[in-house]
Amino acid sequence: MKKIRFGFLSTANIGRKNWKSIRSSGNSIVSAIASRNLARSRRFIAELQKEAPFETPPAAFGSYEELIASPAVDAVYIPLPTGLRKEWVLRAAAAGKHVICEKPCGVNAAEVREMISACKKTRVQFMDGVMFMHNPRMGRLRKALDDGKSIGQIKRITSNFSFRMAENTFDRNIRINSHLEPAGCVGDLGWYNIRFALWAMNWQMPREVHGRILAGRRATKDLAPVPVDFSAELIFDDDASAGFYCSFLAEYQNWVHVSGTKGSLVVPDFVHGGGGHEESFELNQKEVLVKCCDCRGRHDDRDEFAQKTNMIRNFSNQVRSGKLNEDWPVWALKTQQVVDACLSSAGS
């Protein structure tokens with residue numbers, strides 16, 4: 001079957017990871033790379049072709065407009081800063097290109113609604129780039145949460161996602177630039193905490209949201225500060241709650257703990273799995289191993305069944321089906337709505 005041809009809007013570092021995932025997917029290729037600087041596009045392609053070559057090197061473009069207009073592109077991957085994403089999602093949709101958009105998808109929920117509406121109008125697929133949603137482990141977690149015996153009714157979800165950013169890099173890191181990334185650590189990291197909580201609660205929205213900015217930083221004196229250390233409480237019906245902490249100031253942590261009326265589960269690496277052929281979680285204090293496939297650990301390409309590759313493979317299969325997955329856009333919108341509520345509550 002025809003492979004889905006991806007074009008990248010920008011040469012952002014995260015694109016290197018997704019280049020390799022597309023190569024490992026088996027059902028897609030990178031056909032074009034665009035930057036505002038043609039030399040940068042060519043350099044990016046040359047570097048990645050050495051590491052993970054495609055049979056035909058992707059075309060290099062010196063503008064995003066050229067890539068979106070290219071008939072050799074079926075889908076675009078958009079890792080541009082959040083403040084710029086809406087324009088290019090809308091342009092891609094108008095050109096009939098399917099879209100994987102990095103998170104947070106927009107500055108606010110109104111932007112995300114506009115993106116989703118544009119994609120639906122032209123019948124192109126929209127999905128946010130949350131890799132852990134495509135980890136085989138999620139199916140095992142879902143079974144444990146829903147079987148009525150292992151966990152019972154969820155009462156509490158607690159999660160932490162943080163990494164320490166060097167203070168002397170704040171002035172040149174776009175994560176602290178309020179024009180480009182106004183949600184700070186809440187959009188960059190908290191998106192994952194919120195996504196897991198909503199998924200665990202079967203997409204039930206919280207009735208109350210309480211956010212607190214524990215620390216803020218600004219890139220330059222003329223820009224507003226953004227949250228760099230943040231905590232929040234989400235209150236659901238039936239006395240269930242979720243608390244999360246996300247931070248650019250605390251050392252790396254990446255875990256979630258779900259407590260229920262009959263048991264509990266712990267995922268020690270819910271955002272970025274351990275990367276082995278078997279991942280695990282703890283169910284009622286006992287380790288559960290999850291095999292990524294039935295290969296018995298024999299992989300010629302160790303990325304072949306990684307969650308990042310599954311994301312690309314699932315997206316491309318959906319596009320090839322000719323049908324739209326209507327859940328993916330809803331998940332993105334709900335996550336954005338809770339991000340907005342967190343920031344609004346905190347007075348950001």
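Leaving aside neighbours within four places in sequence, Arg175 is in contact with Phe163, Met165, Glu181, Gly184, Asp188, Val226 and Phe248; contact means heavy atoms within 4.5 Å. The model is a predicted one, in which local features need pLDDT of at least 70, side-chain atom pairs count only at pLDDT 80 or more, and totals for chains, interfaces and linings use all residues. Residues are numbered from 1 along each chain as its sequence is written, and side-chain values use heavy atoms, with hydrogens and water left out.

Arg175 is placed in the loop between β7 (154–162) and α7. Helices (H or I, at least four residues) and strands (E, at least two) are DSSP runs, numbered from the N terminus. Arg175 has a relative accessible area of 31%, so Arg175 is partly exposed. Buried means under 20% relative accessible area, exposed over 50%, and partly exposed in between (1.4 Å probe, protein chains only). The side chains of Arg175 and Asp188 are joined by a polar contact of 3.1 Å. Such a contact is a pair of N or O atoms within 3.5 Å; within protein, one must be able to donate a hydrogen and the other to accept it, and residues adjacent in sequence count only if both atoms are side-chain atoms. Arg175 and Pro227 are 52 residues apart along the chain, and their C-alpha atoms are separated by 9.7 Å.

Ser10 is found in another loop, between β1 (4–9) and α1 (14–25). Its relative accessibility is 9%, so Ser10 counts as buried. A polar atom of the Ser10 side chain lies 3.2 Å from the backbone nitrogen of Ala12. Beyond four places in sequence, Ser10 is in contact with Ala34, Tyr64, Pro79 and Leu80.

Aromatic rings were examined next. The structure holds 15 aromatic pairs. Rings of Phe, Tyr and Trp (its six-membered ring) pair if their centres lie within 6.5 Å; planes under 30 degrees apart count as stacked, over 60 as edge-to-face and the rest as tilted. The ring centres of Tyr64 and Trp88 are 5.3 Å apart and the planes are at 80 degrees, so this pair is edge-to-face. Tyr64 lies in helix α3 (residues 64–69) and Trp88 in helix α4 (residues 82–94), so the pair ties together parts that are 24 residues apart in sequence. Tyr64 counts as buried, at 9% relative accessibility. Trp88 also counts as buried, at 3%.

The rings of Phe132 and Phe270 have centres 5.7 Å apart and planes at 70 degrees, so they too are edge-to-face. Phe132 lies in the loop between β6 (126–128) and α6 (137–146), and Phe270 in the loop between β12 (264–267) and β13 (278–283), so parts 138 residues apart in sequence are tied together. Phe132 and Phe270 are buried.

Two rings have a charge over them (NZ of Lys or CZ of Arg within 6 Å of the ring centre and within 35 degrees of the ring normal). Arg91 lies over the face of Trp88, at 4.5 Å from the ring centre. The charged end of Arg142 sits over the ring of Trp199, 4.4 Å from its centre.

The largest nonpolar core has 107 residues, of which Trp19, Phe126 and Phe196 touch the most other members. Helix α7 (residues 184–200) gives this core its largest share, 11 residues. A nonpolar core is a set of buried Ala, Val, Leu, Ile, Met, Phe, Trp, Tyr and Cys residues joined through side-chain atoms within 4.5 Å.
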